[in-house]
Amino acid sequence: MITMKDIVKEGTDVLRIKTKEVDIPLLEEDKEALLCMLQYLKNSQDPSIARKYKLRPGSGLSANQIGLDKRMFASLFVNERNEDTEYMMINPRIVSHSVNMIYLPEGEGCLSVDRDVKGYVPRYERIKVKAYDINGKEVEYKLKGYGSIVTQHEIDHLNGIMFYDRINKDNPFKLPENVEIRSLY
Ligand SMILES: CC(C)(C)[C@H](NC(=O)Nc1cc(F)cc(F)c1)C(=O)N(CC(=O)NO)CC1CCCC1
Ligand SMILES: [Zn+2]
């Protein structure tokens with residue numbers, strides 16, 4: 001069972017590498033790891049389990065956040081149609097995206113970052129992602145709103161990018177001028 005001690009913190013090299021593509025079909029051990037990552041998110045969103053094991057409620061977790069140099073992540077959130085949605089994406093790549101951008105008005109955080117970093121993180125409002133699922137089948141997902149934000153946050157991790165790399169250095173609350181950007185809420 002993954003708990004907070006298994007989640008590596010910023011400053012650890014594995015969070016700054018471009019993670020390796022996972023061999024398809026997945027080895028049993030890779031399937032296990034990915035299922036454990038999704039189980040962490042489920043446990044962390046269950047108040048009694050989260051309290052019992054002192055888990056930080058999370059909506060996304062990338063393999064390198066648990067020390068694995070593998071291009072895969074899990075996510076769990078309520079989508080725009082108010083449905084509980086879970087993804088386990090292997091070798092994901094954004095194949096197209098909207099011009100419009102969005103951001104979380106409260107800014108972003110990270111399970112690997114134990115400090116508040118203020119500022120807006122501009123993300124594409126809509127993205128189309130190609131990936132493999134846990135059974136090695138090629139899949140394509142369209143994500144928008146919060147789902148789009150989480151997916152971009154996790155794919156950034158797989159490329160060694162932290163959310164604060166995307167905050168404007170001079171003025172953290174400055175938004176890009178050249179595009180239409182709105183707060184998610
Ligand atoms: C960093 C932290 C504040 C813990 C953030 N919390 C979060 O997303 N909580 C949450 C969201 C829900 F939709 C439902 C719910 F039950 C709990 C999070 O998990 N992440 C994931 C992360 O660090 N992945 O590497 C950071 C978010 C910032 C933008 C998207 C994900
Ligand atoms: Zn993160």
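This report covers the pockets and nonpolar cores of a predicted model.

## Basis

In this predicted model, local features need pLDDT of at least 70, side-chain atom pairs count only at pLDDT 80 or more, and totals for chains, interfaces and linings use all residues. Residues are numbered from 1 along each chain as its sequence is written, chains are lettered from A and ligands numbered from 1 in the order written, and side-chain values use heavy atoms, without hydrogens and water.

## Largest pocket

The largest pocket has a volume of about 420 Å³. A pocket here is an open set of points on a 1 Å grid over the protein atoms alone, where a 1.4 Å probe fits, with protein on both sides within 12 Å along at least five of seven lines; lining residues have an atom within 4 Å of a point.

Its lining has 21 residues; Ser 59, Gly 109, Cys 110, Tyr 146 and His 153 lie nearest the centre. Helix H3 (residues 146–158) gives the most, six residues.

## Second largest pocket

This pocket holds about 260 Å³. Of its 14 lining residues, Asn 79, Glu 80, Lys 142, Leu 143 and Lys 144 lie nearest the centre. Strand S7 gives the most, three residues.

## Nonpolar cores

The largest nonpolar core has 23 residues; Ile 7, Leu 34, Met 37, Tyr 40 and Leu 61 touch the most other members. Helix H1 provides the largest share, six residues. Another core lies apart, with 13 residues, including Ala 131 and Leu 158. Such a core joins buried (under 20% relative accessible area, 1.4 Å probe, protein chains only) Ala, Val, Leu, Ile, Met, Phe, Trp, Tyr and Cys residues through side-chain atoms within 4.5 Å.

Notes: Points joined across faces, edges and corners; volume = space filled by probe spheres on them. Helix = DSSP H or I, 4+ residues; strand = E, 2+ residues; numbered from the N terminus. Buried < 20%, exposed > 50% of the residue type's maximum accessible area, 1.4 Å probe, protein only.
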